[in-house]
Each structure stands twice: as C-alpha cells, then as structure tokens.
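Please look through the sequence and the structure below before reading the report.

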Amino acid sequence: MNQRFATATNIVAEVSSGARSAVDVVDEHLARIATDDGEIHAFNTVTADAARARAAEIDELVASGSEPGPLAGVPIALKDNMCTRGVRTTCSSKILEEWVPPYNATVVERLAEAGAVVVGKTNLDEFAMGSSTENSAFGPTRNPLDTGRVPGGSSGGSAAAVAAGFASLSLGSDTGGSIRQPAALCGLVGVKPTYGAVSRYGLIAFASSLDQIGPFAHTVGDAALIYDVLAGHDPRDSTSIVQPQASVLTDLGAPIDGLRVGVVKELSGQGNEAFEPAVVQAAADAAEALASAGAKVEDVSIPSAVAGLSAYYMIAPAEASSNLARYDGVRYGLRHDGPNTAAMMRASRTAGFGDEVKRRIMLGTYALSAGYYDAFYGKAQRIRTLMIQEFDEIYQNYDVLLSPTSPCVAFEFGAKADPLTMYYNDVCTIPSNLTGHPAISVPFGLGQAGLPIGVQILGPMLSEPRLFQVAAALEEVAPR
Amino acid sequence: MPEPREPLTTDDVAKVANLAMLDLSDDELVTFTSQLDAVLDLAGELNQFDVAEVAPTAHPFGLTNVFRPDEPEPDDIADAIREEALAAGPEVEDHQYRVPPALGEAL
Amino acid sequence: MSQTRTETESASSEPNLLPEGWEMVIGLEVHAELATQTKMFSPARNQFGGDPNTNVHPVCLGLPGTLPVVNEKAVEHSIRIGLALNCTVQRCIWARKNYFYPDMPKDYQISQYDKPLNVDGWLDLPGGSRVGIERAHMEEDTGKSTHVGVSGRIHDAGYSLVDYNRAGVPLIEIVTRPEIRGPEQAKEYVEELRSILVTIGASDGKMEEGSLRVDANVSVRPTGADELRTRCEVKNVNSLRSLGRAIIYEARRHVDLYEAGDSPRQETRHWDEEAGRSRPGRSKEEAEDYRYFADPDLVPIDPSAEWIAEIAASIPALPKERRDALIGKGASAEAAAMAVGRQLDALALAAIEAGADADRVLTHVANNLAVDGAQNLDAGHLAELVKMETDGALTATQAKQVLAEMVETGSAPGAVAAAHGFEAMDTGELETLVDQLIADSPEEWERFVAGDDKARHKMQGFFTGQIMKATKGQADGKAVNQLLNQRASR
Ligand SMILES: [Mg+2]
Ligand SMILES: [Zn+2]
C-alpha cells in the first residue's frame, strides 16, 4: 500500500506514549488543510481552534499519566450530516446553511471519549443524496488522486479528507453505498456496519431504515481501531442492536484457510457493459487471491439482488420525503417569507432544496401517495424481505460474499449528469443497505487512468469481525 | 407479468409537488416529469418477483419492544438546550416561534 | 329551514331531536393525554401550563438527527385502557401521518394506522346501552399556536406564535363504532369513559385543560336503515354541553340538506360554541393524502401475555362494577353513579355493609361530604352516625354537624354528639314547644292554616325557624313539620 500519511494506529501509539504531541499531529493536518483544501474542498467547516484546544487536553492527559483513549490525538473529519453541538451542521444544503445544533450525535460523543480530535465537517451531496458530491449546495469536492474527477459520494468530503491527509480517519454515512463507493474511488477502506450496530442518533436522516454511519481509513487496521469505538448499543436509537458486539480487532490477521467465500453472480459485473472491464477483472483477481490464501471460493446466485436498485429508489425517496418535511422554515434553517404559513413553508423549501433533493422528495411522495403505495413502496418493502431471506439462505453455506464496490473508478465532473446513470453507480452496494447486513470496501488493483478500484466483502448480520479479517487478508495480497 | 404503467403526467407531478410543499416553474415541471417517469420505469423490475405472500420488512432483524423509562431529563440540561434551540429559530418572539398567519384554517 | 320537530321517543330512549323518519349515527373519537412524567418519545416533561417552550427537548422539537424512543409507561397506560375497554391487545406498529402544520415539529405525526395496539372492545354505559370500541391507538400530541392580531380573530391575525410544550405529549385515541344514537348517549359515553380513565390512573381526564378532547363523527339516515351515509367530523368540542349542541346542530344540518334534495360532503368541521354552529375547517380542495407508512425509526410493540396479565391484575374495580356493588345494597342507580363519580363509593359501601341505612348514607355522601378529606373518614364511624340518626338519637341537622366534625377530627360520632350535648329531643317536650309557639303567633298560624300550598310552605319556614332557634337546632325539622300539619288538620 502506498502509504503517504501516518496511520491512525501509529498516531495513537506515538501520542499515548508521549513520543509525539497531539498538538503537533493536529497542526500538521491543519497545515495541509490550509494549503490544499482550497482546491479539494473537502470541508464545509474547519474547527481549527477547537481542534488545537482538544489536542492540548489530550497531551495534558498523557502528561498526567491518564489513559487518553483508543483514538488519542487522531485527527478526524465528520461528514456534515452529523450533529455537533455549537458547530454548524449543514448537510451541504442551503436550508441548513446556518444551523447550529444544540446537541451532539452519539458517535461524536463516543469519539470525544476515545480521545479523537475533530478537525472539521466535510462536504457531501445535499442530504447525502448522490454518488459524486456534485450535489452539494456549496460546490463539489475534488478527488485528491485526480482533481479533475469526483471523489464519489455522498460522503465525498470525508473520503477526500483522508485521501488528502487532512484527517487520519473520517466518518461517513452509507444509505446506498455512500461510504463504500467514495472509499473505492479514493483508494481507502470504507465500512458500512450492520444496521443498528452504530447509533444513528444525531445523524441527519436521509432514509432511516437504510442509513448507517461508518469510517473511512487508510488501512483495515485503522478502520478496525475506530470501528470498535463507534459500535455499541445506544438507548437513544430504537433501532440500535442491543446484544453485545465482538471486537473486530481480535481476528485481524488470523489466517483465512477454509473460509467459504461466494462470488455473487448478479453483482459481479460479468457481461455487463455498464462495468469497467478492469473493475470486473479486479474483483475476479481478488477472489483468486483469497483462494490462493486458502479460502474456498465459489460462484453463488442471489436472484433478488437485481431488484435492489429499483426497490431502493422507492424506499429511500419515500422515507426521505417524510424525513425532510421538517425543513419548513418554522423552527430552524432557511426561511423565505410569505403571506401565510403555507406560503412561507413553500417558499422556504423551494429556495432551500437543490434539484436532486426535490426530485427524490417528489418521487417518494408519489410512491407513498394514495393509489400508488402498494405498487411502489409496499412492493419494495416486500422485495426487501425476499432479499433478506435469499441472502440468509446463502449465508448458511458461505461465510462472506465478494463483489466489486463500484462499476467504475473515479469519473470526471459532469460525466453522469443524467440522474438514472448516476443512480446505477450504487448497484453493487445497495443490497447490503436493504438487508441491513455489513460490508467493507477494500482497495484492490488499479483501473482506468491508474485510479484505484475497490472490492466489497459482504457478510451476515454482525459478522464484522469476519469481514475485517477477510479485508485484512485482501489488503495483504492486494497488488501495489 | 409486469402491468403496463400509465406514463407520469405534469399534472401528477404538480399534485405531488403540492403535497410536498414545493413550487415548480413550468420548465421544472416538464423536466422533473420525464426524470421521475424514468425512475418509475425502474420500479417495473419489481414486478418480476412474486411477493404477495412475503411480509414487508419493518426492521431487518425483527427488533421489538424497545422502550425508555418514564424519566425526565435533568432541568439544567433541558434549560440549556431550550435556549440553544430557540437561538436557532428564524424568528422568535417571547420564547415562541413566530410564523405568518395560517390561512383558511379555523382553530 | 324551520321545521316542526316532533319529539318522540327513539329506540335508544332519547327524545328524537330530528324530524320524523330520521335518526342520528354518531361515532366519537376521544383523545386523552396519558398521565406520564415525560413525553411519548422524548424525555421532556409532560406538564400542563408553564412558560412557552420550556418542556422541550431536541427530540420533541423535531430537530434534525433526533430519534424517538417509546415511553414504556405510556404503553403500559395504553394497554390498561385497552383492557378496561374490553379490547384485544395486539402486536402493533407505529406509522407516520404526513401533513404540513406548524404546530407539528416534524411535519408528520407519529401515530398508529393499520395495526393499532387495542382493537374490538366495548363500553357498557350506566343507562344500560353498550357502545362498541373500534380501536384505541397511541400517538403524539401537537404543539399550540396563538394567533396574534388586532381583533384576535384568525382572519385578521398579523401572525402566530408557536409553543411546543404540548408537542409529543402521549395520547390515546379511542374510536367508537358508529353506534351512538343521540347527544345524551354521547355525553353518557364520554362521562363513563372519563371516569374509567381517571379510575385506572391513565389520564387526569380534564376537558378544561384539553387533556380530554372529543371529536364527533356525525351522519343521519332514515330511521331503522342499515346504511352509513356521508359523515362530518366535528372538532373543537370543548365541553359535554358543546358536544350535545354540536351533535344536534350537525345532524339537523344533514337532515335539512337531504330534505332539500342536497347532501352533505365529507369534511372536517369546527364547532363554534358562541355562534352555536359548525363551520367547515381546512379547505378540502384536494382530498387529504396522509401517506401513512411504518415509521422506520421505531420498532413494533409486541406485548407479551405475561406483561398484559400483569397490567390486567393492576386494574382496580371499574366504575360499573362499583356502581353495581352499591345498587346491590339497595342504592338507586342515580345515587350509585353519584357516589362513584365523587369517588366516595367505597366509603358508602363499607358503611352500608356495617349495617347503616343505604339511603341515609348516600344522602350524606351526596350533600354533606366534601370530596377532599372525606376519603379519610372511617366507614365504621359513618355507619355509627347513621344508626344514631335512624334510632332517633340525633336529628338530621345534628347529624350533619357531627359529621363535619368527624371529618375534621377523626373522632367517633358518639363522642362528638356527647361533647355538644346533642340528645334527641323528647317528643312530648317538642309538642309543648310547638303548641306554645302556635299560641304566641295567632296571625301567622291563621295564615298557615288558611293559606294555599305556597303560603303554607312559607309559614312553615317561619315556625320551623322559631323552634330551631328555641332549641338551638336540636329539634328534628321533620318532626316539627309533622306536628304543624297535624295541628292544622284538627
Ligand atoms: Mg382521528
Ligand atoms: Zn388522533
């Protein structure tokens, strides 16, 4: 792995031992932000002063002999749809441009307790709706590996922040692939946890039954380090899994002989023109590499997986149409006046939302409306059950499944201006969101223009320790 | 067999925009109508599957009975949050959110 | 518009308030706020009154990123209500009801739709009728807007101020089948329901504070028909009196429309108590489309049989059972209802069971006991007091005085009576006093003897008053009257 920047694991080791100060680490990252973020535009807000103050506190803890936490001194960037008390949280939307939350998301509290240092809030497709970060109301983010190309999305700012060395780790949210796809396009590890493994409290909702927070990292080890901090039950989230979750660090580096790996035919891209050939090849190579490492690799078929995209584009917009109703100009956010309350709400929403958000709100409103519910939303929720059943059946015989993460490497700005073409980008990632199962994207090989390709490892509910184990094995053998 | 679907009309979209409290220009109405119609075509794929006997998913892992105890948050936290929340209001008067008058709504 | 309305007896034994040949079909939706410390989905306080936006929290303000978590106590209360209303308690899910309204922080209400907690119950009313309960589901309340304007009237208002103190307060919505046939039965239903809610501690039932709100679905049909015609939902009914008036007004409006060859249209209407009429609500140019769907932020409630049994065991005797207990001891239905209504039925029952006369016990409960304090009265003492009365050891007036002191001090009636020197007056002694008074007041006596009923009643007051004065209230008023009438008829 081409390691330009220090890993979080190294930073924690240095800071906790006092070999290097957290202030020094944070200053180095802030300096890179100051130099390069003008071009990259990974951040909506940089919290430099708060970061330095927090880093100084960590150093004091170390100096006084206290335990500074498992992420001591690690500079971290948060997708700007996670609430931070006193720091504006915008969702890259004009409607929340000036909004300052009075409370912290659960993940923000967990990171603070673990000694991480938040350096800023990152750009995204407005309300996380998109796959390129071109839908931000504040302008797109550029891919640090090729600034003429997108970083992917919707968590493009968080991916770019790590890839550019602005933060050692970052958090994104994944509703249909919004962590895994930008991780693939920026050459990073990206994790979509089991639904309910990480608290959604304080994550501004896009589609509540699909949204999950997860990390971006340079290495599988770094991702595992932060994953253990994020995961766990939260009484403030009713959908949070109650049972204890095993550490993903335990099996990291354990051999994978005898592990049963399925290659999902429907998601492989074989014979599909929409897939870049190098991507299809990289996934096949990854399967081959796992086999060489002792795994038992076979092709499997999950017929309902092909319905993922259509089911997703009914369910996610339906939930979004309801979740985004609250932006009405009454209690927070943008207000455009009108002669009566309804007119004020209309004017505020019309001025505050961008086109992609409006498109999805209208689509979802339609899918839920009288006379259409059963054919669209209702049917999609049943397909979802079918997918869960089919995947569960496959997991009776396989430990993990494998597929490409994204059909292509990072593409140029404006290349996918047609909404449907853009939607197709999520075809491999969407099934895990619909089933609630976890998935990890790991860099594996290079494609067009020497840009990184990601392959995805899928597993059943709460199989994260196994996914991290396989991801680490793949990372070991990945071509570099 | 997939049933043929009537194409979406600008009237349909105007109605949906109205329900969603969005105003669209005439041009936007036309563009959105064709874009949304294309996405609805995608939904046709759902008809390949017979799911009449399959229950809809409520929670992927069947979680039920999640409750919290009936205990109030400490007053000092509640007070601080109230002040910060009100500070974010676009228009606040006497600790209340001010809005233009409702129309056609008798309370 | 004006028609002769024949007031005949309808099947439900209510006077028929509609023209011959029409009957009312009424269904009621009662919203009751649940008696919890905190809101349905957030740890903000559930408290009436208070400064605007003081009982708020990020969750009930609908701030971006917040998530609802169900208050267990609210579910427990709701199950208790379902059981008290003879409902089936079932696995249920939460649904979002989507519509834009500034009082509603998320612009959707979390409610229950096709799978509510309680279904298929009934409520037996004191008058003997039974009202079917279709469902009793949980939901959250909205905030409140105050309209600010020169005249204070909505259409002239300059702006509105929104307070979210009430937003998210847990509600139960209890929906009857359309089986109520008139305003009296409707009021009887609401009173009985209220009494149940208070008895089981699930709600304070205060209509004046808005913790109990009634919407009436009203339609009419030809008497005896099976059909259900177009109904209107009448909202903003803030008292039982308004409920009765609103139902009559709305039903007559429907009959008038039908008789004019027209028909009502399905809509929500608001009751204007001052004007005595209902008015159309929100404009309904487009039919409402609430786009209900299962709330993805919440998981189903699947109450276990053990939990339901535990809650069932905690339900105290309900008003009907308590009324029946008193009626079984000889109380009239009215007196029993009164005693239960005043929460003094247990006291009355215990006193009667201790051997006291039922009528006299219930007379004291109705007239001589304040609800506060009377709860602490010892039933044995009350029984002793009534026995002293029936034995002639105390007059009614004395008994009332003794009772008041018993409530205050907790003393036994014998001791209180003795301390006051109360002894029933000897009949001979009273006769002497009455005869002496008649002799001393010849003019008044003349008027008593010769007067019509009214005059005699007036003079009776004079004589009784004089005797009471002379005996310092120890004389028995009834005995005095008997003596006066006896002397006059001689
Ligand atoms: Mg209702
Ligand atoms: Zn309701």
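## Report on the predicted model

His95(B) sits in the loop that runs between strand 2 (92-93) and strand 3 (96-99) of chain B, where helices (H or I, at least four residues) and strands (E, at least two) are DSSP runs numbered from the N terminus. Although His95(B) is not a glycine, its phi is positive, at about 60°, and the residue is partly exposed, with a relative accessible area of 35%. Here buried means under 20% relative accessible area, exposed over 50%, and partly exposed in between (1.4 Å probe, protein chains only).

This is a predicted model, in which local features need pLDDT of at least 70 and side-chain atom pairs count only at pLDDT 80 or more, while totals for chains, interfaces and linings use all residues. Residues are numbered from 1 along each chain as its sequence is written, chains are lettered from A and ligands numbered from 1 in the order in which they are written, and side-chain values use heavy atoms, with hydrogens and water left out.

Cys91(A), in the loop between strand 2 (75-79) and helix 4 (106-113) of chain A, has a phi near 55°, a positive value in a residue other than glycine, and Cys91(A) is buried, with a relative accessible area of 1%. The peptide bond from Gly153(A) to Ser154(A) is cis, with omega near 5°, and Ser154(A) belongs to the loop between strand 3 (117-122) and helix 5 (156-163) of chain A.

In chain C, the magnesium ion (ligand 1) has Glu29(C) (OE) and Glu173(C) (OE) as its protein donors, at 2.5 to 2.6 Å. Donors are N, O and S atoms within 2.8 Å of the metal (3.2 Å for Na, K and Ca), and sites may look incomplete because water is not among the atoms. The magnesium ion (ligand 1) lies 3.9 Å from the zinc ion (ligand 2), and Glu173(C) coordinates both.

A salt bridge is a side-chain nitrogen of Lys or Arg within 4 Å of a carboxyl oxygen of Asp or Glu.

| Interface | Buried area | Share on carbon and sulfur atoms | Salt bridges |
|---|---|---|---|
| Chain A and chain C | about 2,600 Å² | 59% | two |
| Chain B and chain A | about 5,100 Å² | 69% | three |

In chain B, Met21(B), Leu46(B) and Phe61(B) lose the most area to chain A, together 14% of what that side buries. One salt bridge joins the side chains of Arg85(A) and Glu84(B) (2.4 Å, N to O), and the largest share of the side of chain B that touches chain A, eight residues, comes from helix 2 of chain B.

Between chain A and chain C, Asp297(C) forms a salt bridge with Arg200(A), with the closest N and O atoms 3.2 Å apart. Helix 9 of chain A gives the largest share of the side of chain A that touches chain C, namely four residues.

Terms used
Buried area = accessible area lost by both parts, 1.4 Å probe.
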